[in-house]
Each structure stands twice: as C-alpha cells, then as structure tokens.
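Thanks for making time this morning. Please bring up the sequence and the model, and I will talk through the helix packing and a few backbone details.

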Amino acid sequence: MKHLLGLKDVEAAEIREILDTAVSMKKLLRQNVKKLPQLQSKSVITLFYENSTRTRVSFELAAKYMSAATVNVSASTSSVQKGETLIDTGRTLDAMKTDVVIMRHPMAGAPKLLSENVRASVINAGDGMNEHPTQALLDMFTLYEKFGTLKGLTVAIVGDVMHSRVAKSNVFGLTKMGSEVRLFSPSTLALPEIGRLGAKVMNSRADAIRDADAVMGLRIQLERQKGGLFPSLSEYNRFFGVNEEDLKGAKPGALVMHPGPVNRGVEMSGAVIDSAQSVINEQVLNGVAVRMAILFLLTRN
Ligand code: CP
C-alpha cells in the first residue's frame, strides 16, 4: 500500500499486519518510549479542512515519536482562504519533498483526488460521510487487544449511521476480520444500503445490543444535517441513546466504545460513558499506537 484511503479496498491480511505492528508500538508507548528512529528522514504534514482533536494530535504525536519532521496545516489559516484549490495546495506541499500527507476534508473522495495528484503517501483522516479508516483500525485494535481475536465477535453500533464515516469503515474492516456488525439508528438517520456491505441492520436498540461483545455509540453529526431529522437532543436521548439499562442486554463486561467527541447525555448517558466497561480513553491511546503502525508501514519502502 502506498496510500490509506479507506478500508473498502484493504485486505484482511493487511489489516492484520497493521494490528500486529500496533501491538509492538503500544508496548513501546507503555514503556514511555517516545523517541524512535523509524521516520528519521521523513516529513509528515497534517492537512485538515475540518476540526479535530484526537485524529490530528495522535497523528502528530505518532510522527514525532518516530522522529519525523511534522507540520500542521489548517485550512482556516492557510492559503486555501485565498482561493487556492485542493490540488494546488497538495502540489505545493508535495514540492517541499513531503513524504506523507494526512488529510481530513468535508467532501467524500477528497483524499483520493489528492493521492492522484501528489508523489507523497496520502492517509485519509476522514472524508465527509465516506470513510475514517484510521479510526476503525484503532477501534478494531481495541477489540483485538481485549479479546485476542476479531473473529466471531458481535459489535453493536448505535447512533447516527447515515452521516458516520466511522460506522462505514468499521463495517468494511470488522466484517473482513470475521466479526458480526449490527447497526441501529433512528429511521431518519438509517442507511439501509449498508446491509449490502455485510452489516446487520436492526429494528431496535435492544435487538442490536443483545449479547453483543461491544457497544459503540456514534456522535450525532449536527454539522452534516440539514435539520429536522429528529425533534430534539433530549428526545433523541430518550428514544435512541444508550443507557445503563440497555447495557445489561449485552454480554457481561461488554466493552463500551465511542470514537469521540461524545455528546454526553445525548448518544450515551454519562453513567455509560464513565462506566467500568468504557474503553473510550483506551481508544484514544490506541489511536497513537495504530497511527504509529500505519506511518511506519506506509513509509518503510
Ligand atoms: N474520532 C475522531 O475523529 O475525533 P476527532 O474529530 O477529534 O479527530
């Protein structure tokens, strides 16, 4: 692989290689090793046209921990504001002998377009409602670490499926690795076609969560909605949010996951988010290990 644009076209063996490499990276992080030589002669640029905390910071830390030169470019403070096109911005960064460009963009397909016009490797850090492959890989790593395998696991994903690039990448990745993915969302936020990708579209939250090994909440993406898809946030929480009672339907000790940022008390109750079963903060740490693995694997050749 030269680029990582989505999990749709990534093989199970490649996912396994990323997860196994992330195991080694996590060991180093646990030992507080934060200066490794792997990217010593490489430069990594994050190019974000949308806000981010977890993805941008963890990529920057991952690159720095492996000794890369790093630069962050935010669309709001770059020459994009003066009318420069995506391709011209990409070519400008490429001309500086950049090795990796990590891009987030509100339009589906923008990282692919960039990859076709630059020499650098391109990593998709989230493109519109399409994919967020590195988030799904860190989600899979979190499950792999806890259960030792992804084969035979049942993962319930509950929330705004229609607008979620995290849900789509997880469906592609988890089903390739042998997990069952169940999806539940309000009908106005559903994506029935996702059933054709191998996920099970469920009719109720209880059915989705029943005997699941993990329950993943999805953020309500108000910024991508035109409005009117549900009456109010409190009503959404009442009818569709995951609460402690719902969690009792899952397997004992089932993991509580969320890609973040969380709308506390909307898609999940505070008690669920802060429960002993919650691995939401572990997911954040795993994000650094997985992104170190991805940067290492994409640049080693
Ligand atoms: N999960 C995720 O993509 O979070 P950020 O928007 O903070 O990067």
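Predicted model: local features only at pLDDT ≥ 70, side-chain atom pairs only at ≥ 80, totals over all residues.

Residues are numbered from 1 along each chain as its sequence is written, and side-chain values use heavy atoms, with hydrogens and water left out. When I say helix or strand, I mean a DSSP run, H or I over at least four residues for helices and E over at least two for strands, numbered from the N terminus.

Let me start with helix α1, residues 12-30, whose 19 residues reach 27 Å from the first C-alpha to the last, close to the 27 Å expected at 1.5 Å a residue; that expected span is 1.5 Å times one less than the number of residues. Its buried residues are I15, I18, L19, T21, A22, M25, K26 and L29, where buried means under 20% relative accessible area, exposed means over 50%, and partly exposed is in between, with a 1.4 Å probe and protein chains only. As a reminder, an α-helix has 3.6 residues a turn, so residues three or four places apart point the same way. Those buried residues of α1 pack against α2 (54-65), α5 (133-147), α6 (165-176) and α11 (280-299), and a contact, throughout this talk, means heavy atoms within 4.5 Å. Following α1 comes N32, with a positive phi near 65°.

Now to the pairs of helices. Two packed helices are described by the angle between their axes and the distance between the axes. Here the axes are lines fitted to C-alpha atoms, for helices over the stretch in contact, and the angles run from 0 to 180 degrees between N-to-C directions.

How do α5 and α11 cross, and at roughly what angle? Their axes come within 8 Å and cross at roughly 110°, which makes α5 roughly perpendicular to α11; the classes are roughly parallel under 35 degrees, roughly antiparallel over 145, roughly perpendicular from 65 to 115, and oblique for the rest. On the α5 side the contact is made by T134, Q135, L137, L138, D139, F141, T142 and E145, and on the α11 side by E282, Q283, N286, G287, V290, R291 and I294. By class, the contact of α5 with α11 holds five nonpolar, six polar and four charged residues, with Ala, Val, Leu, Ile, Met, Phe, Trp, Tyr, Cys and Pro counted as nonpolar, Asp, Glu, Lys and Arg as charged, and the others, Gly among them, as polar.

Helix α11 also meets α2: the axes of α2 and α11 come within 8 Å and cross at roughly 55°, and the two are therefore oblique to each other. The crossing of α2 and α11 is right-handed, and R54, T55, S58, F59, A62, A63 and Y65 in α2 meet V284, G287, V288, R291, M292 and L295 in α11. The contact of α2 with α11 has eight nonpolar, three polar and two charged residues.

The axes of α5 and α6 come within 8 Å and cross at roughly 55°, in a right-handed crossing. The contact is made by P133, Q135, A136, D139, M140 and L143 of α5 and V166, S169, N170, G173 and L174 of α6, which divide into six nonpolar, four polar and one charged.

That leaves the backbone details. Most residues other than glycine have a negative phi, and most peptide bonds are trans. S67, in the loop between α2 and β2 (69-74), has a positive phi near 75° and is buried at 17% relative accessible area. A68 is found in that loop between α2 and β2, is buried at 11%, and is in contact with L39, K42, V44 and A63, leaving aside neighbours within four places in sequence. D211, in the loop between α7 (205-209) and β8 (214-217), has a positive phi of about 60° and counts as partly exposed at 46% relative accessibility. Finally, the peptide bond from G260 to P261 is cis, with omega near -5°, and P261 is found in the loop between β9 (255-257) and α10 (270-273).

How values were computed:
Left-handed = near helix turned anticlockwise from the far one by under 90°.
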